[in-house]
Each structure stands twice: as structure tokens, then as C-alpha cells.
Amino acid sequence: YKLSVSPEMDIMEYCRKEWRGNTPAAKRMRKGYEAVAQKFASIRRIRGDNYCAFRATLFQALSQATQLPPWLQSEDFTMLPENLLSKYDWIKQWQLRQKPGKRMGEISDEIKEYLILLRKKWKNISEIKGPLEKQEACDKLFKNEEEEYSLYEALKFLMLNTAIELYNADRSGRRVPVFSWLLFARDTSSNPCQLMHNHLNHIGHSGGLEQVEMFLLAYALQYTIQVYRLYKYSTDEFITLYPNDPEEDWPVVTLITEDDRHYNIPVRMCQETML
């Protein structure tokens, strides 16, 4: 059995184990980890399937959650699948994890269940006051494979909804963030329907999140995702923010990547950083 989120380990110890050689790449990685170690004491490895960007982001968001985000509180949040289906027939081709070929009538109910589960888990964990108990609750949730993957389905659907909103805003002449143009400038996702078919349906199966989709995830959650991109050490892309012009009131989660494909999480902020 694979742990979804491994126990924490000293960052520099982890780095020494992973990057022993004297190649330029190994030296750069060590420098990158040293820079992260100025801010965080430990690292937790994230299970490396194609959901790792979701897993790392959601785990970090939940483990520091103190309240339910406004978008999770809205009345019509759980009506999203029905509302979108009534306008966009093509959503019937949404691919549920391990349930290809299900008709969208049934899928609509299932996605609704996933959204309800997301709200319930977020609410429960955000109400836990003690940091240790909160951490234990997160660890427990990410050991329950059925629930964990249901939450990723909810996140994917929220990304689709956000993409539709951005696409429609742009079509009607309203201002949209730059990444939205990039998202729909790809040959494989020139509209939300293509985005669903060629990208969202494959996340977790045959691929993870691409860079531009990290922006979409950040917008869907209304979180700033800060990523230490270790292979970009000593360039101005070493610390990348998704989105790069975040809203001031969005909470921030921090991830680490060595290659923009797999993500781990830094934990335990160093004392002086907190002050």
C-alpha cells in the first residue's frame, strides 16, 4: 500500500539522499533545497501518480484551513453539475474516474456527491482548532483512497466550471487573466469542450497538470499556489506564483517541484520566518 502523503523528513537530509552526484543538475538541486530550508524545516513526499498536483495543493490547503472558503458556502455550489448540464450538452462526455461510459444523468448525481464531500471535509477540518489534531485529520483523509479520489473529481469539475466562466467572460469582452488566453490558445483546448476532452478527462489517468492548468486550479480554489521550482534555481522563475498577480485575500499554499511534473510539500515553517 502506498502512502498518499509520506511522514515528514528533514529537508536537507532528503536532499542529500536524492542528489548525491556532482553533476550540474545535482548541484543546482542542492542549492534549491538549501534555499527552501531557509524557510521550511521538513518535506513530505507526495505519492507520485498523475494526481500529485491536486494532492499536494489540497493537502496544504486543508492542513492550514481555518474556515470554509466563500465559494464553498454558496447555496448553489452543489447544483453546479445540473446547472452546467442544462446549458452544455457536451459535458455528458465527462469521464469519471474508473467509471468510463457512465451516462451523464448518473454522473451528475455522483459529481454532486463529490462536491458535497469536498464541502463537508473542508468544513470539518477547518473547525479543528489544535494543529496536531488538524494534521491527524488530514493524514487520515489522505489514507482513504475512495474519498481522496472523489475529492479530485470535485476539483476537476470546479476547474471545468472556472474555465467556462473565463471563456464566456472573454467572449463577452470582459477582462480575463492572461493565463486564460494561453489556456484557450492551445490547439488542444481552444474552448472548454476541448479542454475537457483533451486535458481534464485525462488528468489522473494518462497525465498530470500542465503549467497553464496550475493557474486554472488556483483560480478554481481561489488560492495562490506558490511553487519552489528547484531546477530553475538562480533564475527569476525559481519561486513561481499561480496566479502571478494573486488577489490579496487569497490564502497561499506552498509546493516544491524538481521538474514541473511531480510535486512535494514543504512543512514546518522555520521560527524566524514566522516572525
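## Salt bridges and architecture

K112 and E82 form a salt bridge, with 3.6 Å between their closest N and O atoms. K112 belongs to helix α6 (residues 104–126) and E82 to helix α5 (residues 80–87), so this pair ties together parts that are 30 residues apart in sequence. Both residues are partly exposed: K112 has a relative accessible area of 26%, and E82 has a relative accessibility of 36%. The model described here is predicted.

Across the whole structure, a search finds 16 salt bridges. The table lists three of them, including the pair above.

| Pair | Closest N and O atoms |
|---|---|
| K112 and E82 | 3.6 Å |
| R55 and D49 | 2.8 Å |
| E210 and R186 | 2.9 Å |

R186 counts as buried because its relative accessibility is 15%, under the 20% cut-off. E210, at 40% relative accessibility, is partly exposed.

R55 has 0% relative accessibility and is buried, whereas D49 has a relative accessible area of 21% and is partly exposed. Salt bridges also link R229, K232, E237 and D260 in a network.

The sheet comes next. Six strands make up an open sheet with mixed pairing, in the order β1-β2-β6-β5-β3-β4. Its edge strands, β1 (9–10) and β4 (239–242), each pair on one side only. The pairing of β1 with strand β2 (residues 40–44) is antiparallel and runs over two bridges. In this pairing, M9 stands opposite I43 in β2. Helix α3 (residues 52–63) packs on the sheet and touches β2, β3 (224–229), β5 (252–257) and β6 (263–269). The direction of α3 makes about 20° with that of β6.

How far apart are the end C-alpha atoms of helix α8 (residues 145–171)? They are 39 Å apart, which agrees with the 39 Å that its 27 residues should span at 1.5 Å a residue. Of these 27 residues, 20 are buried, so α8 is largely enclosed by the rest of the structure. G173 follows α8 and has a positive phi, near 85°.

Note on methods. Residues are numbered from 1 along each chain as its sequence is written. This is a predicted model: local features need pLDDT of at least 70, side-chain atom pairs count only at pLDDT 80 or more; totals for chains, interfaces and linings use all residues. Side-chain values use heavy atoms; hydrogens and water are left out. Two strands pair if DSSP finds at least two bridges between them. Helices (H or I, at least four residues) and strands (E, at least two) are DSSP runs, numbered from the N terminus. Contact means heavy atoms within 4.5 Å. Axes are lines fitted to C-alpha atoms, for helices over the stretch in contact, and angles run from 0 to 180 degrees between N-to-C directions. The expected span of a helix is 1.5 Å times one less than its number of residues. Buried means under 20% relative accessible area, exposed over 50%, partly exposed in between (1.4 Å probe, protein chains only). A salt bridge is a side-chain nitrogen of Lys or Arg within 4 Å of a carboxyl oxygen of Asp or Glu.
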